[in-house]
Amino acid sequence: MTLSVGIAGIGLLAPGLAGWAQAAPVLAGRVPHESAPLTPPAPTLLPATERRRTGPSVRLALAVAIEAVQDSGLVPEELDTVFASSNGEGQVITSILEALHTPDGAISPTQFHNSVHNAAAGYWGIAVGSSRPSVSLGGHDGVFATGLLHAAAQVVAGGQAVLFVAHDVPLPPPLDALRVTTEPFAMALVLVPGPGRHGSLRLAPQPGAAALPDLPGSLVALHVANPVARALPVLAALAGGRAAALDVPMLEDARLHLDVVP
Amino acid sequence: MPRLRITAITASSAMGVGLDAMRSALHGRQGGLTPCDLAGMPAGIWIGRVRAAEAIAPPAPLAAFACRNTRLAELALRQDGFLAAVEAAVARHGAARVAVVMGTSTSGIEETEQAWARRGDGADGALAGYDYARTHDLHALPRYVRARLGLAGPCVSISTACTSGARAFLDAGTLIAAGLADAAVVGGADTLCRLTLHGFGSLELLAKGPTRPCAEDRDGISIGEAAAFALLERAGPGDEGALGLLGAGASSDGHHMSSPHPDGHGAVAAMRAALDSAGLTPAQVDYVNMHGTGTRANDAMEDRAIAHLFGDAVPCSSTKGWTGHTLGASGALEAAVAAICVEDGLVPGCLGVDRPDPSFTARIAVENSAARVDRVLSNSFGFGGSNCALVIGRLP
């Protein structure tokens, strides 16, 4: 079964990949990738009280979401959304776990409501004033492929545009030893029925694990440093404006085959 | 959304293990909440604990998945002929055409909580003795169910707080509509853990006794645990009158992270979307199973939202008095409750409610009644402003 969707907008934030305009020539291999520390930007779309409460994973998600939507020219509050993250806001979870194991075990109510996996989606809804449906997914190492396939299914089934956002940041200790994520990475695509200004994707789930992709220079290391960075081969093909046939990992025994059509 | 038959459905919660036990609890008005006897939890609260799950182990090849959430999921999968029903679906469609879509809010985080409590004072603070990816991680639940049932289709973990289990039904419908699967095992599991009990405690939302949704003097939530699963397939000719997922709808509040919009705009939008997708008018709904958590704010908001669409024409109630609020599993658990209501012709009244809130204008049922129930609207609302409504009933 193959699904086809267009790409109307792209957002990207990762070390050395500071937005699509800066990142595209790097991903296309025209400019070398130079890794630089990434500070998740404060979400100016949110009122100050809400803004202060957002953690790094939510901030990355909101930044790439708005970049992709602005790139698409579509109206943010009219888009259904699919958010995907394997780790969620690890900083909040870790801090709650720490507090639960202190003598009084009391935790902060704000941290508790920020601990939900759909926190990024909730803040997006508040930021743009959206009442459109939104779903938040996990997916472990296959989070990018799982989320992308899900968002594409929504576009095909519903016949309307969907904002897809994938975001992950490193977990704080001690969870970092059990779930290794060493760099932050977030990307967003506005997917539409029919072709989009960045081309199209054909998606087909297939059995069997995905092989490691061919990527230039330090992007190889970034690719394995964050589950969302499994998007890099797709982003590289889009940046180069070249057709490509790619496999991205979904599960130990399943992959997502993608044809990138410029 | 395509016409979807619910070929099999099962649930295990404090109300009972499997549908027969749930039926007798519902008809006999026997709730499953008990005073909290788990260590390290807030004082003076009641919980919906499923003791029968605690001795269950996953099959040996899947032993690494062992955790409180997996044990409860495994217990639930063994009830009501569910394993055999999925096996038959695999024979009909092929394993690659059966998707797994599971909702959970906290997955097996209880395993991490235990490991955290075992950390040595002078050591490096490392957590040990469990498989994070197969327990704590959100994808652990659908990966377990997929491996346990021998499925090979798409595998999705949904975590939208307390709408997760309902969203699993909606999202599986999307995968089937898009052509990625012919059938889906959907549902959810969430289990008691410190994070959620202390979390709702920090918000001062926990009831001092068993929760009494819609009561005039209701005082909050009782947290419960549950696992519930359904097998959805495209309905065919001859399925008229069979149990089905008739519609599903969702919305976002875009208002606040933990408080619903007081007028219930998001709730109204989700219910309306579910009715639209089912092609139904409010008058065609026979019973509304409320989210009804028992908090002052949720129940008042939900009453306004229901009254906005249904007036006082349709009986509505929350069944969380039996089970507690089972969070990310509640939408799936209450889909099983809806199935029983349809099959048995039952409108269950809220449990333990002497006097419904006199300010409510929807028709709150506080006693059971027998009635023809062909269509149930089931509500789920969650933090982050997530709303989802399902319509479960007899296929036209």
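The axis of a helix is a line fitted to its C-alpha atoms over the stretch in contact, and the angle between two axes runs from 0 to 180 degrees between N-to-C directions. Two packed helices are described by the angle between their axes and the distance between the axes. The model discussed here is a predicted one, with an ipTM of 0.98 and a pTM of 0.98. For chain B the mean pLDDT is 97, and 99% of the residues of chain B reach 70 or more.

Helix 9 of chain B and helix 10 (residues 296-310) of chain B have axes that come within 9 Å and cross at roughly 45°. Angles from 65 to 115 degrees count as roughly perpendicular and angles under 35 as roughly parallel, so helix 9 of chain B is oblique to helix 10 of chain B. Their crossing is right-handed. On the side of helix 9 of chain B, Ala267(B), Val268(B), Met271(B) and Arg272(B) take part; they meet Met301(B), Glu302(B), Ala305(B), His308(B) and Leu309(B) of helix 10 of chain B. This contact comprises 6 nonpolar, 1 polar and 2 charged residues.

A second pair in chain B is formed by helix 1 (residues 19-28) and helix 12 (residues 330-344), whose axes lie 11 Å apart and pack at an angle of about 70°. Helix 1 of chain B is therefore roughly perpendicular to helix 12 of chain B. The crossing of these two helices is again described as right-handed. Helix 1 of chain B contributes Leu19(B), Met22(B), Arg23(B) and Leu26(B), while helix 12 of chain B contributes Ala336(B), Ile340(B) and Asp344(B). By class, 5 of these residues are nonpolar, none is polar and 2 are charged.

The crossing is right-handed. Ser57(A), Val58(A), Ala61(A), Leu62(A) and Ala65(A) of helix 3 of chain A make the contact with Ala119(A), Ala120(A), Tyr123(A), Trp124(A) and Ala127(A) of helix 6 of chain A. The residues of this contact are 9 nonpolar and 1 polar, with no charged residue.

Chain B also contains an open sheet of 3 strands in the order 3-4-8, with mixed pairing. Strand 3 (34-35) and strand 8 (223-224) of chain B are its edge strands, each pairing on one side only. Strand 3 of chain B pairs with strand 4 (residues 46-48) of chain B in the antiparallel sense over 2 bridges, and Pro35(B) stands opposite Trp46(B) of strand 4 of chain B.

Two details of the backbone deserve attention. Most residues other than glycine have a negative phi, and most peptide bonds are trans. Asp80(B), which is not a glycine, has a positive phi of about 60°; Asp80(B) lies in the loop between helix 2 (68-77) and helix 3 (82-93) of chain B. In chain A, the peptide bond from Pro173(A) to Pro174(A) is cis, with omega near 0°. Pro174(A) belongs to the loop between strand 5 (162-168) and strand 6 (185-192) of chain A.

Finally, the two chains meet: 53 residues of chain B are in contact with 49 residues of chain A. Among the elements of chain B that give two or more residues to this side are helix 7 (164-177), strand 10 (243-252) and helix 9 (265-278). The side of chain B that touches chain A has 24 nonpolar, 23 polar and 6 charged residues.

Terms used
Residues numbered from 1 in each chain as written. Chains lettered and ligands numbered in written order. Predicted model: local features only at pLDDT ≥ 70, side-chain atom pairs only at ≥ 80, totals over all residues. Contact = placed C-beta atoms within 7 Å. Helix = DSSP H or I, 4+ residues; strand = E, 2+ residues; numbered from the N terminus. Nonpolar A, V, L, I, M, F, W, Y, C, P; charged D, E, K, R; others polar. Left-handed = near helix turned anticlockwise from the far one by under 90°. pLDDT = per-residue confidence, 0-100. Parallel < 35°, antiparallel > 145°, perpendicular 65-115°, else oblique. Pairing = 2+ DSSP bridges.
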